[in-house]
Amino acid sequence: MAALTSGAHSLGSYYCLIRHRFKRRRKKRSERKGAAGARQLSGQNKPTAMDVDEEENMSSSSTDVKENRNLDNVSCKDGLGVAEQLPNGSGLGSRKRPLEEGSNGHTHPKFRAKKRKKTPGPVLPKNALMQLNEIKPGLQYKLLSQTGPVHAPVFVMTVEVNGQMFEGMGPTKKKAKLNAAEKALRSFVQFPNASEAHLAMGRTLTVNTDFTSDQADFPDMLFNGFETPAAPEEPFYLASNGNGPLSSLGEYPLPTPPGSNLVQAPLPPPSTFSSPSSGKNPVMILNELRPGLKYDFVSESGESHAKNFVMSVTVDAQTFEGSGRNKKLAKARAAQAALSALFNMQLDQTPSRQPIPSEGLQLHLPQVLADAVSRLVVDKFSELTENFTSPHARRKVLAGVVMTTGTDVKEAQVICVSTGTKCINGEYMSDRGLALNDCHAEIIARRSLIRYLYSQLEFFLGKEDHQRSIFVPCDKGGYRLKDNVQFHLYISTSPCGDARIFSPHEAGVEDQGDRHPNRKARGQLRTKIESGEGTIPVRSSNTIQTWDGVLQGERLLTMSCSDKIARWNVVGIQGSLMSYFTEPIYFSSIILGSLYHADHLSRAMYQRIAEIEDLPQQFALNRPLLSGISNAEARQPGKAPNFSVNWTVGDVALEVINATTGKDDMGRASRLCKHALYSRWVRLHSKLSSILWIKVLKPSSYHDAKQVATEYHSAKQALIKAFHKAGLGAWVKKPSEQDQFTLCS
């Protein structure tokens with residue numbers, strides 16, 4: 001037992017000795033490593049630091065070694081160091097390269113830290129002072145007077161431009177100079193068109209209106225920041241002496257200063273005082289100019305897939321409205337309307353999206369009018385279809401006519417509403433005028449308008465209803481519209497034909513000039529095809545259609561809506577029969593709900609026939625306002641319905657017409673057919689024959705009645721010659737047999 005005890009004690013002593021020896025060896029090995037690291041560190045003159053991973057990999061039994069570390073070498077003033085690798089705790093491994101100064105943690109010698117690009121700040125819009133200095137450098141501003149108390153002085157600054165003195169007042173000299181510059185700028189834009197303004201400034205301007213040329217239609221620099229190249233003859237309307245307040249008409253009447261000799265209604269020209277590159281939306285810009293404005297929700301309308309919200313804002317005691325597919329967009333449109341009217345700012349400078357103002361007297365701000373007309377027509381259609389829940393609310397194209405009788409758009413009245421996209425099948429043509437040949441929405445809208453005009457003339461059949469009519473008698477016979485009565489055509493998309501032959505999502509390229517290989521075919525006459533949608537170019541020959549040929553199977557061709565509207569801009573919308581009673585009546589504006597392109601629409605409507613000649617005295621080439629709307633209507637893919645609906649003010653409900661047969665589903669004739677309108681004409685002719693423009697005996701047939709309107713047909717022939725002279729094709733006529741009917745037949 002004693003031997004076993006002594007043996008165990010000696011064995012324990014042996015193991016204890018071995019442990020002490022291992023500890024001493026590890027300690028010496030650690031000291032050698034520390035000495036070698038110190039020598040390497042001193043050779044590089046770089047402070048070193050132990051890698052944290054080394055501490056984790058070392059044996060837990062080497063606590064004494066850790067205590068002997070030089071902690072001063074662990075911390076580094078520069079934050080840089082060399083790390084050691086001890087794989088499995090054995091030997092000195094390879095060292096990582098010391099981090100180079102400025103490498104931001106990268107060890108590659110060629111690494112260079114990329115310089116962070118400075119984000120450019122928003123491009124501030126140029127104020128009037130800067131704009132004027134670009135046009136007329138070196139102008140001298142002089143202090144004319146200083147009035148008012150010390151805490152609220154009023155400065156008056158003057159500047160001489162083109163021999164004319166302009167004064168500006170403000171609480172500081174800077175603001176007074178700014179006001180003087182604004183008045184000077186207005187003096188440049190007092191001419192009917194841009195070319196006269198350039199001549200007044202000593203510049204020359206040549207505008208090429210050839211829509212098939214390789215050059216852009218408009219020069220790059222028309223008027224610097226004061227006009228957009230939306231049209232070659234874009235009119236500007238401002239106070240004639242440049243001193244009047246700048247405001248819009250239309251929904252917000254402009255008071256005329258006493259003694260003013262304005263010839264035309266003042267409207268602010270497009271301006272580039274602010275641009276999309278500024279990075280600010282209209283709400284932000286307006287808030288900077290007029291802080292603390294409150295936007296009010298006005299209404300919500302539209303179909304479920306195309307909601308339309310209306311928001312309003314009151315600025316300087318004037319209320320502006322804007323519409324959009326959401327409230328945020330509607331607020332932005334309301335702010336834009338205020339900026340356009342009060343501060344002459346136009347943020348959207350894309351030429352193809354800009355409205356093209358009409359010639360002559362303008363009673364409304366273009367975009368305000370366009371949005372209001374669109375909203376009125378859509379709301380009326382919603383009312384007639386029980387908030388779009390009726391099965392007859394299905395449509396691809398919606399059209400309508402709105403009448404304004406003054407400068408306030410809020411008093412506008414919807415005259416008619418219609419839908420439709422198809423034409424009659426040839427076998428259903430009527431030789432008694434009982435079928436509608438063309439059920440496209442805009443064509444039906446025009447026929448509905450004619451029906452309304454007949455109802456207004458019928459007021460003169462009584463003795464006490466004259467004042468209710470929109471017509472007044474003329475001294476030389478016949479009737480004319482009352483002053484300021486205007487008709488505005490709204491179409492939910494561009495009319496079929498030439499106005500729609502373009503790529504809507506490539507408009508940005510076309511703004512730089514039309515380079516399309518097929519541009520020489522722009523403006524060609526086109527026809528709708530039977531039992532289908534879309535149009536095809538007219539053939540150069542065989543433009544006469546025969547009754548028996550169509551009944552035998554030849555496709556019935558109908559001129560496109562673009563071509564028909566171009567015809568209305570020459571001969572009027574009243575037609576040949578109403579020419580007996582009235583002067584030519586023209587649309588004051590054509591407004592599109594989608595697919596609006598200023599260049600293509602203006603070409604289709606009037607530019608391609610600008611060289612028309614030999615028009616009778618009462619007729620002229622009408623150039624209406626052309627505009628899109630702020631909240632463009634979404635495209636509606638799918639098959640179009642086979643019916644067309646129409647409504648005219650005074651009607652109780654919609655009339656539904658089968659577009660294939662030109663009659664309703666019961667086979668009854670439409671209230672818009674030739675027979676129905678001719679019967680109203682005969683009644684008026686018999687009662688008012690003594691004061692007509694054209695005084696003849698009662699014609700024997702519908703065809704004869706139309707042919708007696710010689711001046712109307714002379715204007716129509718001049719139009720056909722203009723198309724032919726421009727190489728745009730020949731007008732296709734319907735079989736003459738369809739007009740050879742009487743009321744007794």
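**Entry 1: the whole chain**

I began with the accessible surface of the chain, which comes to about 38300 Å², and I noted that 51% of this surface belongs to carbon and sulfur atoms. The model I am reading is a predicted one, so I keep in mind that side-chain atom pairs count only at pLDDT 80 or more. Of the 745 residues of the chain, 49% count as buried. I then looked up the secondary structure and found that it comes to 18 helices and 18 strands. For the contacts in the chain with a separation of 6 or more, I wrote down that 66% are accounted for by residues 24 or more positions apart.

**Entry 2: the seven-stranded sheet**

Next I followed an open sheet of seven strands, whose order is E16-E15-E11-E7-E8-E17-E18 and whose pairing is mixed. Strand E16 (625–628) and strand E18 (655–658) stand at the edges with a single partner strand each, so one side of each has no neighbour in the sheet. The twist averages 20° from one strand to the next.

I reminded myself that strands of a sheet pair through backbone hydrogen bonds, in either the parallel or the antiparallel sense. With that in mind I went through the pairs. Strand E17 (residues 643–648) and E18 run antiparallel and are joined by four bridges, and within this pair Ser644 has Ile657 of E18 as its bridge partner. Strand E7 (residues 398–404) pairs with E11 in the antiparallel sense over six bridges, and E7 also pairs with E8 in the antiparallel sense over six bridges. E11 and strand E15 (residues 589–592), on the other hand, pair in the parallel sense over four bridges.

**Entry 3: strand E7**

Is E7 enclosed by the rest of the structure or left open? Seven of the seven residues of E7 are buried, so the strand is largely enclosed by the rest of the structure. Both faces are covered, with Leu398, Gly400, Val402 and Thr404 buried on one side and Ala399, Val401 and Met403 buried on the other.

**Entry 4: strand E11**

I then turned to E11 (residues 486–491), where six of the six residues are buried, so this strand too is largely enclosed by the rest of the structure. Gln486, His488 and Tyr490 point one way, while Phe487, Leu489 and Ile491 point the other way, and all are buried. On the E15 side, His488 stands opposite Ser589.

**Entry 5: helices on the sheet**

Which strands does helix H10 (residues 441–457) lie across? H10 lies across E7, E8, E11 and E17, and runs at about 140° to E8.

I also looked up H13 (residues 561–571), in which 11 of the 11 residues are buried, so the helix is largely enclosed by the rest of the structure. Among the buried residues of H13 are Asp563, Lys564, Arg567 and Trp568. Just after H13, Gly572 takes a positive phi of about 100°.

The largest nonpolar core has 80 residues, of which Leu449, Leu453, Phe471, Phe487 and Trp681 touch the most other members. H10 gives the most to this core, with nine residues. Apart from this core lies another, of 23 residues, which includes Val373, Val409, Val414 and Ile629.

I then listed the surroundings of Phe471, leaving aside its neighbours within four places in sequence, and its contacts include Leu453, Leu457, Phe460, Tyr479 and Ile585.

**Entry 6: Asp739**

Last, I looked at Asp739, which is found in the segment after helix H18 (710–725). Is Asp739 buried or exposed? Its relative accessible area is 11%, and because the cut-off for buried is under 20%, Asp739 counts as buried. Not counting residues up to four places away in sequence, Asp739 touches Lys674, Tyr702, His703 and Lys706. With Lys674 there is also a polar contact of 2.9 Å, which joins the two side chains.

Note on methods. Residues are numbered from 1 along each chain as its sequence is written. This is a predicted model: local features need pLDDT of at least 70, side-chain atom pairs count only at pLDDT 80 or more; totals for chains, interfaces and linings use all residues. Side-chain values use heavy atoms; hydrogens and water are left out. Buried means under 20% relative accessible area, exposed over 50%, partly exposed in between (1.4 Å probe, protein chains only). Helices (H or I, at least four residues) and strands (E, at least two) are DSSP runs, numbered from the N terminus. Two strands pair if DSSP finds at least two bridges between them. Contact means heavy atoms within 4.5 Å. Accessible areas come from the Shrake-Rupley method with a 1.4 Å probe; for residues, only the protein chains shown count as cover. A polar contact is a pair of N or O atoms within 3.5 Å; within protein, one must be able to donate a hydrogen and the other to accept it, and residues adjacent in sequence count only if both atoms are side-chain atoms. Axes are lines fitted to C-alpha atoms, for helices over the stretch in contact, and angles run from 0 to 180 degrees between N-to-C directions. A nonpolar core is a set of buried Ala, Val, Leu, Ile, Met, Phe, Trp, Tyr and Cys residues joined through side-chain atoms within 4.5 Å.
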